[in-house]
Amino acid sequence: MRKLWICLSLTTIITLPSMLLTSCSIGSVSGNQYLNSLPNFDWASDEYGDGIAFNNIDQHNMLANSPHQVPLGNITPMHEGRYLDYSKFSTGFQWNQNIKKQAVTGVPLNKGFMPNGNYAQDFGVTSLAQRYLRLNSILDWNPATDYDAKYNRSVIPLQPRKYVATYNSSEQNENIKYNQLGFSSRKHRTFDNTIVGTKNPFENTNLNWQYINEYVNWSGSWFEGPIVPPPADVIDAAHVNGTPIFGNVFLDGYHGLTREMLKDFLAQNSDGSYKIVDILINLAKYNGFDGWFINNEANGAAPNGSILDYNTMYEIIKEFNYKVATASDPNIKKLKVIYYRNDATVSKGSHGYDDQETIKMTTSGYQKPNGEITPTEIQLNFGEIPDKTVDFLKDNPNYHPSDLHTMVDEGANPKYFGTYNFRQLAYQEQLRPPGKPSYNKDVYTSFSTYLDAGAGTFGTDAYNWAKANGVNNPIRAYLFATQVTNLFNTIQFSGTNTFISSNDEGLQSNRFLNDYQGLNPSGSYQRAAFISDPRIKAANKGKVDPFVEQKIYDYQGHGGYNSSSYGIGSLVKEQTTLFDEDQILNKQTNFSTGSGVQFVERDQNGQPIVANNYPWTNKRLTDILPTYQWKIYDESQRDKPLNINALSGFYDYDTVYQKGNSIAIGSGFNKNGEVLPAQWDNSKVYDWDILGTNLISNNHQVSFVYYDGSNNNTNATVNFWVTTTDQQTMLPTSQSITPDHSEKLPGGWVKIDLNLNKLSNISSSNRIAKIGLQIKPQTDKFKFNVGQFTITTPSTNNNNNNPPQEIKNPSAEYVINRMVNNKELYNIRFGWESTYTTNLDYYAIYYLYEGKWYRIGETTQNYYFVKDLQSTGHQITLMIKPVLQNNLSQPGYVINVNV
């Protein structure tokens, strides 16, 4: 796709053979001198580190009441030193920027691969005879010898999901799938360490998995490594919401890829099969993701075969498809490939197909014994339209229109966020006077968007604005960036109104019309939208762009909402993990985005355990997110958006029930990222669709935990709001239901419960499709938060009878010690075994300093990394505390690491 990406790659460093270590005296045969000379790493660096200098002993993050403690004794690290000695501790392929970070910190890094691996000189070897020795070929990858591999594994298997049992808009079409191609982290590089979390609330975080059919983690380059699995934390965030996620093989001949760089990628076994196929399969299985996006632009603008013959790539993909289809292991059998090559098309002219390379690739699918062929999914080029697929689909009945994806570049066109009419990309389009488009819905394809950093570019611009406009606390500046990113992520999917309606129109940008013609081509659309969006409530944002105000943000003259709002969800139907056909349904969510500026736990009595000054991101802690962002409406006008300047939905990081955020109805957020009270009309009743479902049984108990902004709960009367849908007519019926039980919780929170057996005639033909809340305001200005949703099947819900979590056999694999500002600080890679994991939410990690416990981390793995700790008597004391979803009390397991 002709982009230059800055992403990194990794493989497996090995110890140089001893016979070579003595073979030459010119230069050093050891890299240790170089590694020892590397400067301390700056974790406060925005470019390479977390961007915030985190204080491990901040009193705001001190544990007020220590849990019961189980001592696990003293442990001595397997390795210790001033730097990570790669000759004794392999972490696989590392680009030079990775080495500068990891060697002096020991931090596990996100994974990536250069096919041929490293040169020895990358690790400081200067011997003339050995500096160009190849190490860490991708063909040598082995998780048993790569100490970073285990940190790059996901924990959550792909959760099954179904389409929601009703339509959110009459224009939604289940046949049209949406794939997203974009960065999944703020820096989108393999020197990121998002797999163990960061101390910054701002990340490039997707919050709308319900619309994404397949997510492609875009990354890789010829110099950092073209083969990049998705980071494990992002895999978990996608999987908990039911979305398959793909790694990227980015062969980029436009920017420096050479034939020599692909030597090991093209290596063959004696029988002619390709070694890389098994590596790609085993990587996906071990790390736990769902397949690979093959971006084959290896030849760039040069003729086929200049760097890579497309026939070779065809054989590799065909072999991959065969091995996957015939595998007995279900974790392999589920894998798939999506293929793209530069200028890919399936169009057919008078002399045949225009792109024989892509057409040949469509024959790479596995043919079953019954003759059925599983097609290779094809990503078409920018500018392709469904019209060009008609002949191909006639000629290839094994292909469905949804197997072909057209594409638009939203990364290069941020103006499309929230207004681009995706029907022009998915359907055959015709123009009828007076300039209004019409669509032939019998001719269609799926579609993709290429995003780069996507909504994160709006957040980065907002961060720069905040720093220049008096937000001196970096945590709050980054939270503001997070809120702006969240807003525009939702705008991308739900339009500028953050509300999907059957009346959504959008704007045109195609061969017939260009509704964006009046936009200033030299201006920043990110900044123009930032200025015009009324939900960003900050003074002195800048001068309004007249076109943006008149064409995109015209809410002031249009009843309080925008006339051109259109999102991906205006066309693509929502999917949900909340279904009860073929699975037992016991799920809970705090709507965690996997980040925050504080961290809240609850003890067994519901009392909060709070780290108050705690910037963090760990997307392993992402929860099931709201299906509808945001479907809030006046009960008397259900398909009409509310005034976006007065009332909308947000993620709230200041009013938190558990983890780092809740969801809220407010009017907007200020420059500190704080959600502000909504403006209500207390003569109206408001309905809030929160979660889409597909339930064929009413044998479920549901509950919400909410806070109406008052400790005595007087701001609103709250009921359940439930929608059922007849599956033949697809007509929805919604009703308000009084809770069975209401319980006041500490801090003004309220828990309400409902047994769904109050709904009659629920079956496969009449399904429960939406669960939310009805709010009758009693005053006109307040913020309304929801902190938790639970759905259980009573006959199978035995969570309260679970045996306690037990931790044992702790170990520390490496300790790095460095002098920083005249203090000796320690970084530790450590792990433990656990004997019970059902109902585990996460592990909280605490550090003991001068008799006080401080929160320093959280993970869902049995491995973790902590940094910048001071020792006491040559020991560092850590506590691992399991946190269960039902908040049952658990002990903390204490280890002393000898240093």
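A salt bridge is a side-chain nitrogen of Lys or Arg within 4 Å of a carboxyl oxygen of Asp or Glu. In this predicted model, the count by that rule comes to 38 salt bridges. One of them joins the side chains of E260 and R134, with 3.5 Å from N to O. This pair brings together distant parts of the chain, for the two residues are 126 residues apart. E260 belongs to the loop between strand 9 (245-252) and helix 5 (275-287), while R134 is in strand 4 (residues 134-135). E260 is partly exposed because its relative accessible area is 42%, and R134, at 32% relative accessibility, also counts as partly exposed.

A further salt bridge connects E813 and K150, whose side chains meet at 2.8 Å, N to O. Here the link spans 663 residues of sequence: E813 lies in strand 40, and K150 lies in the loop between strand 4 and strand 5 (162-163). Both E813 and K150 are buried. These two residues also belong to a network of salt bridges that links D148, K150, E813 and R829.

Strands of a sheet pair through backbone hydrogen bonds, either parallel or antiparallel. The sheet in question is open and consists of four strands in the order 2-40-41-44, with mixed pairing. Strand 2 (80-81) and strand 44 (863-869) each have a single partner strand and stand at the edges, so one side of each is left without a neighbour in the sheet. Strand 2 runs parallel to strand 40 (residues 807-820), and two bridges join them. G81 has I816 of strand 40 as its bridge partner. Helix 3 (residues 96-105) packs on this sheet, where it touches strand 40, strand 41 (823-834) and strand 44. The direction of helix 3 makes about 110° with that of strand 40.

Another pairing involves strand 27 (residues 631-634), which is covered on both faces. K631 and Y633 on one side are buried, as are I632 and D634 on the other. Strand 27 and strand 31 (residues 686-695) run antiparallel and are joined by four bridges. Within this pairing, I632 stands opposite W688 of strand 31.

Two individual residues complete the account. Q492 lies in helix 12 (residues 474-494) and counts as buried because its relative accessibility is 1%. The side chain of Q492 makes a polar contact of 2.9 Å with that of E410. Beyond residues up to four places away in sequence, Q492 touches several others, among them Y178, Q180, F417, T449 and I568.

G27, by comparison, is in the loop between helix 1 (18-21) and helix 2 (32-37). At 43% relative accessibility, G27 counts as partly exposed. Apart from its neighbours within four places in sequence, G27 is in contact with T126 and S127. From C-alpha to C-alpha, G27 and M313 are 41 Å apart in space, and 286 residues separate them in sequence.

Conventions. Residues numbered from 1 in each chain as written. Predicted model: local features only at pLDDT ≥ 70, side-chain atom pairs only at ≥ 80, totals over all residues. Heavy atoms only, no water. Buried < 20%, exposed > 50% of the residue type's maximum accessible area, 1.4 Å probe, protein only. Pairing = 2+ DSSP bridges. Contact = heavy atoms within 4.5 Å. Polar contact = N/O pair within 3.5 Å; in protein donor to acceptor, adjacent residues only side chain to side chain. Axes fitted to C-alpha atoms, helices over the stretch in contact; angles between N-to-C directions.
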